[in-house]
Structures are given as structure tokens and as C-alpha cells.
Amino acid sequence: MEVLSTIFNVALIVATIRTTAPILLVALGGSFTTKAGIFNIGLEGQMLIAAFFAVLGSIWTGSSLGGLVIGVAAALVFALVFAVLVISFRANEVVVGLALNILAGGMTVSLMKAIFGTRGSIVGRGIVGLPKVHIPGARDLLGPYAQLISGYTPLIYVAFIAVPLLVLIYGRTRLGLYIRVVGEKPEAAEALGISIVKVRYIAALLCGLLAGLAGAHMSLGYITMFTENMSSGRGFMAVAILIFSGGDPWRVLAGCLLFGFADSLSLRLQTFGFPSYLVLAVPYAVALTALFALSWKARPKFIRETIETMQRALSIHPAKSETPDAPSNRS
Amino acid sequence: MKNFTQFLAAGVVLAASAMPSFAADKVSVAAISGYFAQGFGVSIVEGLNKAKADFGIDLKLVDTGNRALDYEEQFGNLAKSGEYDLIFVMGWELVDALQKVSAAYPNQRFVFIDGVLDSDKIVYASFAEEQGSFIAGALAALVENLGPEFDKIGDGKAIGFVGGRDIPVIRNFLGGYEQGAKYAVPDVKVNSVFAGTFDDPAKGSELAMALYGQGTDIVYNVAGPTGEGVMQASAAADKYSLGVDVDMCASAPGNVLASMLKRGDIAVYSIIKDEVEGKPAKPGVRTFDLASGGVEVKLCEDVASKLPAEIPAKLEEIRKEVVDGKIQIVKAK
């Protein structure tokens, strides 16, 4: 019992929220491109470049807000390059996305060398981190549970508020409708006179905006430093969640929370002597299994049809609903 | 006439100053790395410069930058002229190039700093990490043992460890740390976790937060940039952390107890000193330990001033026992 209470406690939920937020932000960004019919594998790179420029901007301007703006701007530049190549020049989106990821990795290392004369990481040097938000009155009202809603860095709130916001955008605004139409039925969009190119550009830039916020959160909010490759696959995790969720904000949230929870839980299990290799793989396995189950019903048409055809061919369910019933009714 | 004597004198001086290089007994050293401006690399440059000042050696520093494609070429350029007695190499990304060039120029002596590779032609400067970690573990256990009377310490009697990956090198740190802790305070608990990565400081921070939440008050990080997240978490949770490799007191002032230093400067200085004194470095492993000052635990001033005086005294006592061989530390394999 005592063991359970050292694992399952308020701190676990707080840790879940902390680990979920960066993936959620970047996955919500990717939701725009997914909905608009672009497969954006370049999230990781946009996040990384934003993390680097956020630190750089924070040092230059001496303020965390300045860092945030410059970080997001860098991600937007990457998003724009992606958009120009993929949307205007119709380059292969996977190739461009991967190339930009590699570019981000190499560019941050090179720039770090050029600007700071070093490799590895940038710590201290006047980086200003984002302040923690303490909600007034939370402590009086909730006591020890106040940490559930108060004391996070601002972008964590942004991440969670963005979920219903995106639902509203997709459901209630013209832009959201356009993005969905362009993604689901580009021919219909064309017939309606919607500029596919324009809508996809907007989606790609909105994606850059949120991925940039995610990156800035990594280097100024979550912790206050930059290190090579510090996004550590969070962008790729977001891509996986997007594939299974189809970009639906609530499902994205569910996927990210599940991953964040499994991650936080696994970190706590290590102290009980489970081997780290096994425990560290758990969150990925859990998240992927759950997402797979979640998306099983909504599996792509071609998989559904293939399975149906195979079942018919193997006559596991030999179309019994039609053939045996019909004659018996008549006779 | 006067001019002529001056000319002669100048000639003599010139000849005299040129003499040592002709005699070929002047030691010439090159060092190559991408990390000279940072942390551990800085201490190596300090050691090299000190050796240059003390022994008048020829020194050439080569910064690899990040031109990963021509590492081999850069090594080759240094090795092919044969003018350097020793070439110091630091950084794991250079290992492939080092091994190839070392095979191509068998007469060139390379010194690989902070690690041991397969090749038996290279000199390895290695650090007795288990000894330094032993002292770090003893310190953490002694401070934890002070209990709630001491600032930021609870009554959990538990200390922690965050490793990068679960690999033998890191296990060696952990082994020393655990042995030191148990030696100083036999009933202290050591909670060890691994991040699985060296470049995810956010994960390091999360791991440390989990440890602090489970009643661990002091966490030792051996995780590179991931460990920097541990240091920052100690400030966020207002607990203690222990740094590694370099002096990390500034990472979280007031929350860093001490750092286990690997003295790269002492390692390169000693190797060059022996070279100058006619004891050339031989291929194989040379370990810098507590006795030679190659590893040490440096307390952070701001916290150390609050510690009861018997703790530093006890640490020094333990250090002497390790140096004298009275304490045998088991190395992790």
C-alpha cells in the first residue's frame, strides 16, 4: 500500500501534465497539416530549431518573451520552407520533412559552434527562462492539490487550452471548415472556389507556430538550456499520434496524455528495480498499442476492404446475412 | 667594427636559440577535439597551456569544429608529418577516425582522453571514476544522515543517482557511489535510475523530480546534458544535486552540494611532464585516481559553509583510506 502511494500520487499527475504538454503542443500543430491533407514529418526539426533560437533570442533580448518570439519565428521560417517545397513545388512531403529535420539537427550544432564556440549544450550564459504562473488563490482553495493547476510555465496552459480552441476552429470557423474540406475532398474545395494552396499554406504556418511554441517550451519552460537534439523524438512521437488520431484534437489529447502518463509512471517504476531498458520502452509500447486500438475502427478503407475480401475468400463469414435469410422468408 | 660585433653576437644568439629544435629533444604536442571551449575540454586546454608554460613545449590545438566528414583528414594532417610526439584526442565522435589513423600511422602516439578503446597502439588517459564517485556517495550519505535538522533534508534516508544510459561506464560511477554511501552510512538507501539518453535534459529533470518526490533528497547525475536537467530540477524542487566531470556549482547555486571532478588538466600535464622528463607515454591505460589528484570531490562553497565541520573531516579521512588502499572499491565490469 505504501509502495502504491509513492507511485500513484498528486505528483504523478503533475508529472503527467508536464511530460504531456510539449508533445501535445507539437501534435496540435501537426493536426492542422494532417487535417489539411499534408503529412508533416518535419515537426521534430521545427521544434528543435525553435528550441535553439528561443535560447539565442533569450540571450540577445534578455527576456524570455523575446526568446519565445524569436524561437517561434525560426519555426515559422522552417514551416514556410516546408510549405513552399511541398505545396508550391509539389515535392515529396516525407523527403522534405526528413531533410528539414536533418537540417535542423546540423544547423543547431553549426550555429552553436559559430556563435558560442562550443559543442554540446548551452547552459547559463544569461538565458532567461519563462516564469512560473501561480494562480492566485489556488493554494487557499485546493491546499496540496493546488499544484495540479498552479505553478506551471505558461506554455503548458497554452497547450491544454489549445485543445478546445482547435475543436472550435475546426467545428465553428470558416478557416477550420476550409482546412477540413481541403484535406478530405480537395476536388470539392476546388469546385467551391477555395484556394487549396492558400489554405494549405495557412495550415502549414499554424503548424509552425505551435511547433515553435513547443520548441520554445522545451528550452525556456521545461528547462532552461539548449542541448544538441534536445527535442529527443518528441516530434516523431507527435507524428505517430497524428497518424492514429487523424488530427482530431480530442484524440490527439488522449494520445498525448496516455503517453505522458505512461512515461511519468515508468520513470517512477525504475526505482523499484525494474531494468531501465524495459521500463523506458513501456510508454512507447503503451501509447502505440492504445492508439492502434483507438484507430482500429477508423482504419483506412483499403485495409478494411482487404480484410473483408480476405474473409470472404476464406469464407469465414460467407455472407450469411443475405443468402440464407432471403429464401427462408419466401418459402 | 661595432656593427660587425653586433652582427656576430646576433648570429650566436640566433644559433643558440635554434639549438634545442635541432637537438630534437623539445617535446611537441598536438591536441584535437571539438570541445575545447566547454566544460571538460577547458580543463584540458588549461593543462596543456600549463605544460607549455612550464616546459616550453610546442603546442598545437586543433578544433575539429563540426566537420564530421573530414575528421580523418584532420587527424592525418597531424600524424603524417610525424612532428608531434603526442597527439591528444578528446571526444567520442572522433573514435572512428582515431582508430583508422592510428592504424595507418603506427609510429604516431595518440593519447585518448577519458575512455578506453580496443586498439592496443593508443595511450589511454582514464579516470578512476569509481573512486571519485565513492567519495561523492559518502558525502551524500553523510549529509542525508543529518536528517531534517539540516536544510532541505527529509527523514527518508535515501539518496539518488540518475545515469545516462545503463552502460558499463555509468555502472562504474554508480557502483562507486553506492559503495561509498554504504561505507559512510550503512543503512542509507540508494535509488538509481537511468534516462536511457544523454541528450534529453527534460527527461533528466523529470527523473530527478520523481526521485525527489519519493523522499530522495540528494541526487548524483552522471548523464551529460540529461544531467543538466537534474541540476535544474534540484533548484525547482529545492533539494540537492551532485555534479559530475566539471564544477557544476553554478548550475543551481545553493542546491548543488558538490561536483565529482575529472581533472583533465592534471592528466594531460602529468603525461607531458613524464614525456619531457624522458619517460615517454606507452600504449595502454593510464588511470588517474584520487591519489594522483585525477579525480576529486569539490564542495560548493555556499552549501559547504553550512555543513557541520565533521563532514569535510570525515570525507578527508575516507579519501586517505582509499588512497592508502585500506578501502578496496570494486569496479563495475
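Which strands of chain B does helix α5 (residues 129–144) of chain B lie across? Helix α5 of chain B lies across β6 (158–163), β8, β9, β10 (256–262) and β12 of chain B, and runs at about 25 degrees to β12(B). Angles here run from 0 to 180 degrees between N-to-C directions, the axes being lines fitted to C-alpha atoms, for helices over the stretch in contact; helices (H or I, at least four residues) and strands (E, at least two) are DSSP runs numbered from the N terminus.

Before I go on, this is a predicted model, in which local features need pLDDT of at least 70 and side-chain atom pairs count only at pLDDT 80 or more, while totals for chains, interfaces and linings use all residues. Residues are numbered from 1 along each chain as its sequence is written, and chains are lettered from A and ligands numbered from 1 in the order in which they are written.

Let me stay with the sheet in chain B. Six strands form an open sheet with mixed pairing, in the order β7-β6-β8-β9-β10-β12, where two strands pair if DSSP finds at least two bridges between them. Because β7 and β12 (295–299) of chain B stand at the edges, each with a single partner strand, one side of each is left without a neighbour in the sheet. Within the sheet, strands β8 (residues 216–222) and β9 (residues 240–245) of chain B run parallel and are joined by three bridges, and V219(B) has S241(B) in β9(B) as its bridge partner.

Turning to the interface, 31 residues of chain B are in contact with 33 residues of chain A, contact meaning that the C-beta atoms, placed from the backbone, lie within 7 Å. On the chain B side, β7 (189–194), α7 (201–213) and α8 (224–237) each supply at least two residues, and the largest share, ten residues, comes from α7(B).

Finally, the helices of chain A. Helix α8 (residues 174–184) of chain A packs against helix α10 (residues 196–222) of chain A at an angle of about 110 degrees, with the axes 10 Å apart, which makes α8(A) roughly perpendicular to α10(A), a label for angles of 65 to 115 degrees. In this pair, L175(A), Y178(A), I179(A) and V182(A) of α8(A) meet I196(A), V199(A), R200(A), I202(A) and A203(A) of α10(A). Helix α7 (residues 154–172) of chain A also packs with α8(A), at about 75 degrees and with axes 5 Å apart, so α7(A) is roughly perpendicular to α8(A).

Terms used
Two residues are in contact if their C-beta atoms, placed from the backbone, lie within 7 Å. Angles under 35 degrees count as roughly parallel, over 145 as roughly antiparallel, 65 to 115 as roughly perpendicular and the rest as oblique.
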